[in-house]
Structures are given as structure tokens and as C-alpha cells.
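Could you walk me through this assembly, stop by stop, while I have it open in the viewer? Please tell me what to select next and what I will find there.

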Amino acid sequence: MDMNRREFFKFCGVGLGASSLAALGMTPEPAFADSIRHFKLTASKETRNTCPYCSVGCGLLMYSRGSGGKNAKQEIFHIEGDPDHPVNRGSLCPKGAGLIDFIRSPNRLHYPQVREPGSNEWKRVSWDEALDRIARLMKEDRDANFVEKNDAGQTVNRWLTTGFLAASAASSEAGYMTHKVVRSTGILGFDNQARV
Amino acid sequence: MATQDIIARSATTTPSPSVRQTDEVAKLIDTTVCIGCKACQVACSEWNDLRDEVGDNVGVYDNPTDLTADSWTVMRFDEHETSEGDLEWLIRKDGCMHCEDPGCLKACPSPGAIVKYDNGIVDFDQDKCIGCGYCITGCPFDVPRISQKDNKAYKCTLCSDRVSVGLEPACVKTCPTGAIVFGTKDDMKEHANWRIQDLKGRGYENAGLYDPPGVGGTHVMYVLHHADKPQLYSDLPRDPAISPLVGAWKGVAKPLAMLAMAATAAAGFFHYIRIGPNRVSKEDEAAVEQDSAQAGSNSPEAGGKSDEQ
Amino acid sequence: MAGLAPTFGRGAMTNHWNDIKNANLVLVMGGNAAEAHPVGFKWVTEAKAHNQAKLVVVDPRFTRTASVADLYAPIRTGSDIAFLGGLIHYLLDTDQIQHEYVRNYTDMPFIVKEGFSFADGLYNGYDADSRSYPDKSEWDYELDENGHARVDPTLSHPRCVYQLMKKHYSRYTPELVSQICGTPLKRMMQVWDTIAETAVPGKTMTILYALGWTQHSVGSQMIRAGAMLQLLLGNIGMPGGGVNALRGHSNIQGLTDLGLLSNLLPGYLTLPRDNEQDYNAYIAKRAPQALRPGQLSYWQNYGKFHVSLMKAWYGDAVSAENNWGYDWLPKLDVPMYDVLKVFDMMYEGKMNGYFCQGFNPIAAFPNKAKISAALSKLKYLVVMDPLTTETSEFWRQVDDYNDVDTASIQTTVFRLPTTCFAEENGSLVNSSRWLQWHWKGAEPPGEARPDVFIMGGLFHRLRAMYQQDGGAFPDPILNLDWSYERPDEPTPEEIAREFNGKALVDLKDPNTGEVLVKAGQQLSGFGQLRDDGSTASGCWLFCGSWTEDGNLMARRDNSDPYDMGQTLGWAWSWPANRRILYNRASADPSGQPWDDEHKRLVWWDGSKWTGTDVPDFAARSAPEDNMNPFIMNPEGVARFFARGNMAEGPFPEHYEPFETPIGRNPLHPNSAAVTSNPASRVFRNDMEVFGRADEFPHAATTYRLTEHFHYWTKHNRLNSIAQPQQFVELGEVMASELGIKAGDRVRVSSNRGFIEAVAVVTKRIRPLQVDGKTVHHVGIPLHWGFVEVAKNGYITNTLTPFVGDGNTNTPEYKSFLVNVEKV
Amino acid sequence: MNSNQNQDLQRYNANERSNHWAVALLFVMAALSGLALFHPALFWMTNLFGGGPWTRILHPFIGVAMMLFFLGLAFRFAGRNRFKAHDRQWLSQWRDMISNREENLPRIGKYNAGQKLLFWVLVVSMLALLFSGIVIWREYFSGFFGIGVIRFASLLHAVAAFVLISSIIVHIYAAIWVKGSVGAMTSGKVSRAWARKHHALWYDEVRKNQR
């Protein structure tokens, strides 16, 4: 293939044109770049709470999806410190900062379950079945082992064969209710994490 | 966007909008108040919806043991024995320093994949990232990481999404001891000076601010007990700067090479104009006729032995 | 905690988180605030930043707290009483104490009975068989004819508390202390001198402690020693002072206040013992007369609190006729049925049923093997929890982590899913005694329900059954007041109103006859409670938290006009919204602040007590009335001499941990009986599994890490990422001796079992020279188990000994012996 | 009788020609994709390869392919590109060459010194590109190298590429300038006159062999 002058000029012209176009920066991509992720809390619902871990009692702001309207199922998707709280002033430790993964832990329990003697598995049961069975076990044990009088004949009215560990992460209301019920049965083997 | 216009774009030869002047922000990390609780690590992942792998303990407190595409900040623990035989547990929050002169941005070949806002934040736009890893090559602090999942580069954004709406970054807000503070760069320098005075009063003569000039200063700064020995803090570079190799590669090399290549082409063009093509002439053809004629009768003397058999 | 009440009158953090910023010196000992309470520790940073405060840390390990300390001193685990006793001796010896304070506000001048004595590590009246002091009557003040304690203001009487204390601690010489604690003498003196500087009126030190003091066989006495130190320095009731128990759980303070313990009723009221058959005697014993003229002795109101409680629980069913249902309260044949006692009974097969509400005993209690065996003997176990706990799966075989024979375990286990904090309304009481309300943010997952629903549901069914077919002593169950709008699930708001209390009839002013509170109205404070059945209050201490003004626990005014960090408008603090306990002591006897510039708390303005905090005092009692600041104590003053309130004796004495690396008590080298706490209860079959130093040479201690919270956060991805795998901490010296490198797997064994974990080799644990021996410490974090998002691990409490503190029976998790070998 | 005396001479056979054009094509692609990532002004060329990420993915593979074919070419031609005594003479008279005064130049074989020079420059820069390219191939190899090496390799890669591209420009121009050359790589033939004029010794050699 031979190339004469005219062809050669054509060849050069095209190359020159293309490169100068490029040099002018005529690159096929948008002139304005918005690289910021959108602020994810806009219009989410804010609820105030208290960190359930240690006893500093840090204030929390929990952010949930949904307007609060009947048709939206509220789902908490972010938690950060409450800047108004006098103690934490918005800050949270690594535990508090990760609370969202506690609420949404894969190991949260969803249904009442029972493990029968010798069994190697859980069986899902209804709340009614669970509570009925537990209440019956309690009564059987209490009726069989309740001590009204001790050997000295003193009135003691205690029930020692069943014990109860209360949760020091439960609210005071839950705690009070638990105490009221447990004492009314005469249980003395009653304790909470205050000891450990 | 009002609070942070893009003032520099990667792989862009023309200037970005730079008329509006907004405050330069900075994050100050006071290693002398830091207790290494990792709240910043957790808050960062929580806010940015990142969940790294559950790793292993390799015999130290550090975990994750290094920055990854899913862990944009990590605490680095260093046990240092002083000359008096006392122990110092030097703990440093590692992550993007948000350089005034970002090596990653300089190295990035994809227009707008790395941007610097005029408040100083250096941000990656994964949508434009092509995954070449040049940002890693360019970074003086070894910060960016390419994700195995999507081959995009990731790093701390200084929570540009929070800052853009007027909030502090997640790590700053959560820091229990106030070891991480956030504000305008000027205020942060002032805060640092106040801290340094306190430290000198407590016997740390070499306490100081880490705001390396080699990269034009950073928008993440450290207060160090031993500002004279930053390397004590898990090898924080003493005098970081964009590597001259990267400088040459992304600096002079680009225009020079382009020019030289264009020149070569141009040289050819003008040679053709001035001297013109090199053609086989009538004489040459005649000579060939002659050769073949001789070839008919006797062998050529001229030919001699070819030097290439 | 049990060390505080016998000293000051109340067993709670004396000051509060924000107040730490007012300190001039922060002593962190028996705790690791930066690690366990990072956000509370913020206020230490503030004190350092704005108050030029110093931070001193005394700990076996160079902790995260130590990493920001001005001064760190190592100490052998379990030897804190020696350290503090030595300091007390040093302060008395060099006379660096707040004279005016101790003379007026403590029992130093009080004269003790003649029969009181101390010899060879034992006080008078010890009974070796019962390992206790059955008769403590001599551990008390000498009384005058009016029943008032005799005092000697000159402090010269040989039997006055000052002289006795001086004598007691004269044995704690710096050299001996350094020998017991392993703290280098020079560094120890540095710490002591720094602390002594706060003896002047204007300067305060705060002590931040936690389970590092509580969890020893002499834990309560360690806390006592700390409390005595603060009294000597005049730091109690002062801003930036106090002995601050940093409680572990978000509502452990609340549950203690509400008395969810074997021997308690709400508001620190106590259950009767078997021999307390007479109601009036029961009340009288708990409502002591003032031991000095003009003192308040606030417990004299005990009857009002008790009757109001019984009215809240049993309503109309109780009255003066049936002694307000006195017989319906169970009576104790032993001091208490604490968890150790209960699990020992369970182990002995004496129990059938057990409930675990948000509690994971197999991981949380000592000697896992024993706990596991005990649970296996139960007929039924009920676990209420938001998460899957090891306890609910104690029957599951999981490699070496939980090596059990499932088929042979005949316990029926019920697991009931409960809501978590985010899914319910309610209040929590933080360490500062603040009752803070929180709000529900979302529905619980699946069928999870609140604890109240479960307790209500169970109670309902029980009561129904007892109504139909009767049974053992049904009265308290049938008569329990349950007039809630939704009996199956009372609302938190109803319950909160109930424990605050209300008037049952119009309450009239006895003199003027004007109606103070109308029938049915919420009470505004415990001052309104009466013992005639006209008031009901489920917890007198919380009375004032939900008044006619509404829910004060939900208040959110964080203003702090005096910049003293009191924020009186935020939430509500017991008692009566007082933020700093005993704050009357922040003013001198004349009623003016010791330091009018930096330490203004409360003062007498000529007509009443006022100030930056709510006075913890009789508001109109003028200084000249000589009422003293410690209003819960019948003496009106704080106690160096604990009287009969402590199991081991009135003054803290150093005893070795039950597993001691040195095998003897250097204070009493020749008396094996007092090597370890002579008044601690030890069960048969536990004594023999204590290890000895020849087999298990290293001093071990267990603790939490800041990245985790007990056994919950291993279920959280974020926290599992931050600290994924079980490890133990070894000092470099020890590690090199054993040829262990960082990252190696090691086996740590005690006489009760073993665990395996990754070795973290560190400069932060150094060998200590103790009693002529080199003692190495082994740091063992807990957190891991066999059900989690993080990497499975061994239950750390496989190793710990099954013995507790002499007063509270809090297990000795912090000091025991182990052996370490490379796997 | 001398039937073959006047027909054109075979300079390259079919294999050599295909090999050359394979390299040429891959070179164009490698160069375009490489330049696209080298200079912002040329980034638009990534669109020729399906956008930035695709360009990043393809470029190294194209490069490796080019390298493989080039090796083939190099082995074919290396022998004839060894430098000889007369090459120095030829080079010293390069002015005569570019001024089309070839008659003054020494008689040369199949390749003149300029072509040989080009050949070896290509070999060197190709190797440099290969090795530096592997070091900066982030997806598979960068993990094995220190940051210093990677930075050096990045620069080396750019320089080598520049040298290669410039040389190829010269190569192409030469083909356009010396009329009758292009045919050598298309049809594979050159006229006897062309051979006699530009590569006299080779011309003789071929004639001798034709006897």
C-alpha cells in the first residue's frame, strides 16, 4: 500500500483534531460531581432512651424508620449519644456506640421455647402453654415444700426450694413488680447482679 | 453542599469552583487523653453501615489489626518504656489524615473519583472509582484500601455527610474522654496549644502538635506527648510528603511525555513537508535491469560475500 | 457497697459522675474506670483539664486508666487493705488529716466499751467452728445514763476511736506494707504524699472504685478502708470528693434500692429473722434512738416506711390488727440466701426450681463446673432474656467449651423472650442515684414480651390456682393488691406511681388540721409517709419521683447555674433529689463552705440550709443546734469504728485471698487461722478445691474489657469485631520464662478447671516482689462463651473460687491462683 | 530463461506479517487504554474500552498479550538485528539518511542501523513495561510489593510506555516516508529496485540464493 501526500495530510489532520479535542478536556462525563452520601437521619423518628449497659446511664437518641404512621413498622436503624445529657453530653463508649447490633442481634429470642428433659433441642411453644406449665410447676413445688413453721415452732412462711435471679438491667418498674410477686410467694433465694 | 464546595478534583486539568470561601475544618486527636476504648472505631462502622469480618486475636489489643475497606479507622497500641523505666501506653487512632495536598488525589487517574472540599475534607466517590489503586500508591500514610467485594477504594470520609449538614463526625461525637475534637482548623490549633501547655506542665517537654507541613498540613491532627518522636506511635511518619517518584510520575512526566510524543509526530510531519518521501528512482530500476542482465551471462564481482548469511 | 453504709449510713456512690470534675485529685483503685466506665471517666479528663487535677492509679495491671494517669503504682491483687491501712497509719503518724472535720463529723472522740479487743488478727468473741463472731456486743460505744455515747473531744482517752485506730494501724509500717503489696517503696510513698496533700480543707480527692474492691473475700473491708481514708482527709460530702462506687449494671443501683436481694425489702428495709416473731420489736430494732444529743437518726422513721410498703403491696388486706401483714413476710433462718448459698443448695439437690431473669449464672458465677452440676439437678429452670444465654443452653454439648452429657440432664428448661431497653418505657437508676425515664422506640422482635408481662402472667395463674384449689399458705398471694388497669400487664407508669406512693386518706397537719395531701393524690416526698396506714409507698426512697407534678424522672433541664455540675433539673435523684450525699459536711460546723470559692455546695443562710445542691440535712436545723451531717447514723457522725456492722470487725484488717501466692499473712505469719478472712463462709467441698501456690504459682485476676459488656456484647457484630477472641494477659518476664510468645495459645488452669486462650504478652504486667517471693499476675478477661457472634471461648469462671466476702458473699473473682502452660 | 529475474522480492512471509500486525493491534489498544489512565485529558478514551473500570481491568491483559506476541517477533528478528561494524559508520551519517542521500551511505543488509536501534529499544521498553506492569497490577500482584517498589514501578511504567510509543511513531513515519516499505508488511513483497536501493547487501544475498 502506498500513501500519497493527500492521504498523508488526511491522516495527520484526524489525529491532530482528536488529540486537540481531548486536550480541550471534552471528556464525556458530568461537569458537577456530588460525591457526598445523603445524610441518613433526615426525617427519621427520634426517641430518647438510656444505655442499658453500665451504670453511667448515658442518654441515647434512637433513630427509627417510618413517620410513626400506622402503616409503617418502626425499625431502629441508628443510635447515638444524647448531647443534652449532662453526663455523656453526646458521647458513647464502644458498647453504647454499638447498641444497634444488640437490638438487632441474630441471637435475639423471638418465641417462647422449651427444652424437655434429656432432649437436645428447643421446641417452640405458645406463651399460654409456657406460662401455664411454669405456674403449675411453681405451685407443685411450693405446696410440697413451703415451710410455715420452723422446728422451734416459729412462724417463718418461707419457700426455699425455688429461687429467683432478677436482672439489674431491667427497669425499676420491672424490678419492683418482680419483687412484689416473688416475695408474695415466700421465696428467699432471691438475688441480682448487685452481688457479682 | 453549601458547607463544602469541591475545590479540587482528581484527574482534572482545569480549576474547580474556588470563589466561595468557607471555614477549613479539622479533627484533633489528643493521644494523651485517648484511652484506646475503640468507641470511635465502633461509631465509625455504625454510622457508615460497615461490618468488617470478626477476626482473630493475634496477641495484641489491636483489632481489626489494620485498616480495611470495612474498617476506616483503627486504634494502634504501642507500649513504650521511658528512660526512667516507667511505662507509657501510646495509643493512636489511625485513619485518613485529610491532607491539604492529598497524594491520593494527585495519583488518581479518574476525574472526580477523589475530591477535596474547600473545608479540607478529602473524599472518595466510589461511583467514579475505577479500582486502579493509584490512591494507595500516592498516599504518604498508607490509608486507602481496595475492597475485595467491589474493587473500589475506601477510607475515612471525615463523615462528609454529617459535616455537610453541620454535625461533627461520628467518631468525634462518641469519644468518651474528649480525645477527639472537631472544629475549624484554627480553633483546633488553639485547643492543641492549650493542651500542650498542660502537658508541658505535667513534665512532657516534647509535647506538641502533629500537622505535617510536608503535605501542606492535615485536617486530622494529633497532639503527641513526644512530638519529637512520632514514630513511637505505631510508626507515624516523622516527615510525611508525597513521594518524589509519585510527584514525577503524576507531575512533570504527564505534560512532558505528551509534548514529546506530539513533537515526534510533528517532526515527521515537517520532515515530510521539507524533505519529502524517499522513493526508488529511475536509475535504481535501470540498475536492477542491468543486474539481471549480468546475471544472465556471468556472476557479479561487485556482489562479494554478503555479510548476513 | 457494704463498706459504705456502716461508715456513712447509706450504701451508695456518695457523689456523682459530673461532680468528679470538681476533684483536685482522682484516685482510681479497686477499679479501672476508663475501661469499665469510659464515659463517666470523661469527668476525670475534665478535672485534669479544667481543675489541674492529678490522676493516681493503683492496680496490679497498667490499665487503660493508668495510660492517662499522672502516677501509677502496681499492687498485688487482694492486698489493698494493707496499702490503705499503711496510708492511714502514715497520715495519722505525720498528722496530715483534716482536724476540724474529723473532730466534729466523725466518731473519733467516741469511747469504745472496755470489752473490745484485738489480738493475733482476731477481735474478741470469735467462734472458729462457725467461722464468725456470734457476739459483737462489745464492739460498741460506752453509753452514759441517757443512752448517749460517751466522747472525749481531746481524743486522748485510750479507748476513744482515734487512739484505738492509731494503735490498730501502727503495725502497718511502710516497709511491711510494701512487702505485702509488692509496691516499690519509693513509688508507694510518692502516692501517699500526693494523697496526703488533700488533707487541707480546700482540696478534695475522689476515690473511684468498682468490683476491683468488691470482689474479694475482704471486699467490704477494702471499701471501708477507702471510706476511712476519705474521712481522715475530710473528703466526704465535699464536691469532688467522696467514695464513689461505680456500679456495674445500668440498674443495679435501682434493683438494690428496690431490695431485690435475699434479705431486703424496698428502700433498704430488711426482712425479719426467725427469732423476730414480735412485730413491734422488729420495727424498734431498726429505728434506733439518737446516740448523741440533737441528732436526727433518720431511721427512726423506719415504721412509716415499712407500713407504707405493706399498704402498697397488700392494700386494705393489711392493718394494725394483722401487724400490717407481718406474718406474710418470709423470715430468714440464716443471714441471707445469696447466690452462692442457693447454688450450693442446688448442688446438694435441695432445690427444684430456678428463675433467671436477664441473668447468665453459668457464666457469671464462680466454679462453672459446680454451677453446671447444680443446674443439672433442677426439675425446672426458667430463663427470661432478650438473648440466647449459656445458662439457657447449659445442657448443650459444645466441644471442650461445654462438655456435658445432654441426655443425662433431666432439667426442663423454659426460655422466654423478653424486650430490651429500646422496646419499653421505664426508669433506670444510674450509679449517681439518678432515676432516669426512657421511652420505647420500636416493637420487640417476634413474640418477645416485657418482664412485667411475664411476672403478671405467672402471678395471675398462680393466684387463680390457689383460689380454685387452695394450697400451702395462700394468704399473701390471694391478698396481694393487683388493682391495675390491665391486670395481665400493668403499665410502667402505673408501677412507677405505685412505688412513689400516694395518700390513702386526706393527710392532715397534726397541729393545724389543714389537709396537706388529698386522698388518692401522689405524695411529694418521704417526709409525708405515716405509720398509721394512711399512706402507701412501694419504695420510700423513691418517694418524690412521681408526684402530682408528674414524672420527675423524665425531667430534662440540664442547666447548671453554679457550674458545679449538679443539674438539679435533670431526672430525679434519691434521696429527695439530693445529688451529693452528706453534703452538710461540705460546710464547716458554723455552716459556711470549707472553701467558699471552688467547693460551694450547701450553706446556712441564717434561716435555712441552701446552696448549689439540695441539702442532705434537716433544712431548718441551725448550726448551733449541733446536728451532725451523717443523718442516717444514730451518732450523727461518720464511723471509723464500724461497731457491729461488719462481719470481720470494726477496723479493716488485711487478710490474704483464700488462694494466696505467698501462703501466709505477713501481718500474722505464724497464725494459719488468720491467713485469710476468718469470718468468710466457706462451704464443704469448696475448701478442698482451693489451690495452693506450689501447684498454681501465679496470682490471677479477672475483669471486663471496654469493648465488651459481660456476656451480652459477644452477640453484637460491632463489638465482636472490636475484640473477637478470648485472650489472657501475661507479663513479658513471665512469658519469656515459660517460652510463650504473643499470639501463642496457652492453657490457664486452676484447681477447678482450665481454659485455653490466646496469649497477649505485655510490658503492662510486671513481676512484684512480695514477702520475699516473685509474684507474677495473670490477667483473664471474661466475655466469651459457647453461644455468640464472636469466636467461641471458654467460660472464664471455670477457674474462679466458690467463696465470697464475709459480709456480702460477693465471690472472690479478683484474686485466685492459676498455672499457665503453652499449648 | 530468467523468468524470476524481474518479479518482486519476498521480504516477510505470512507468519511474520500476522505476528507483526497482532503486536501492532495490541499495541494500539494498550497505548490508548494506557494513555487514557495516564493523562486526564485522554481519560475520555476509557469509553473506547467500556469505561474506567473496564479499562483498568483490560489494560494489563492487553499488555501481557502484546508482550507474548512481541516475544515471537523478537525471536524471529533478533538474529538480523545484531549490530555490525558498518552500522556505526551508517549511524554517523544519519544526516545523509534523513536528507534522502542514501547513495553516500555504506551498503547494508536486511536492516539498517536505525531499524536495529529501534528493535532493541522496543525490546527493552517492552520488558520494562512487563515487569513494572506486574508490580502495579493492584488486583493480583501489588500486595506482594512494598510501597516504594510500587511507586518506582509506576514511574518506570510511564517512562517506558512513553519511549515505546515515541519509537513506534518514528517506526510508522519511517514506513510512510520510505515509499514502498509498507508493502513489505502487507503483501510481504518489495520491488527489486527498493531492495537494491535500501538494503543492497540483502538484495545481493537474495539474488545469489535465487540461482
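How many residues of chain B are in contact with chain A, and how many of chain A with chain B? Bear in mind that this is a predicted model. Select chains A and B together: 27 residues of chain B meet 22 residues of chain A. On the chain B side, strand S1 (6–9) and helices H1 (39–47), H4 (160–164), H5 (170–174) and H8 (253–274) each supply at least two of the touching residues. Colour that side of chain B by class and you will see 13 nonpolar, six polar and eight charged residues.

Stay with chain B and colour it by domain. Domain 1 covers 6–250 and domain 2 covers 253–291. Between the centres of these two domains of chain B, taken over C-alpha atoms, lie 55 Å.

Next, bring up chain C beside chain A. Their contact takes 99 residues from chain A and 136 residues from chain C. The side of chain A that touches chain C is made up of 45 nonpolar, 35 polar and 19 charged residues. Now zoom in on strand S4 of chain A (residues 113–115), which pairs in the antiparallel sense with strand S12 of chain C (residues 412–417) over three bridges. Pick Gln113(A) there, and you will find Arg415(C) of S12(C) opposite.

Finally, show chain C by itself. Look for six strands that close into a barrel, in the order S24-S30-S25-S27-S26-S31, with mixed pairing. Neighbouring strands of this sheet are turned by 45 degrees against each other on average, direction ignored.

Terms used
Residues are numbered from 1 along each chain as its sequence is written. Chains are lettered from A and ligands numbered from 1 in the order in which they are written. This is a predicted model: local features need pLDDT of at least 70, side-chain atom pairs count only at pLDDT 80 or more; totals for chains, interfaces and linings use all residues. Two strands pair if DSSP finds at least two bridges between them. Helices (H or I, at least four residues) and strands (E, at least two) are DSSP runs, numbered from the N terminus. Axes are lines fitted to C-alpha atoms, for helices over the stretch in contact, and angles run from 0 to 180 degrees between N-to-C directions. Domain bounds come from an automatic or database domain assignment. Two residues are in contact if their C-beta atoms, placed from the backbone, lie within 7 Å. Ala, Val, Leu, Ile, Met, Phe, Trp, Tyr, Cys and Pro count as nonpolar, Asp, Glu, Lys and Arg as charged, and the others, Gly among them, as polar.
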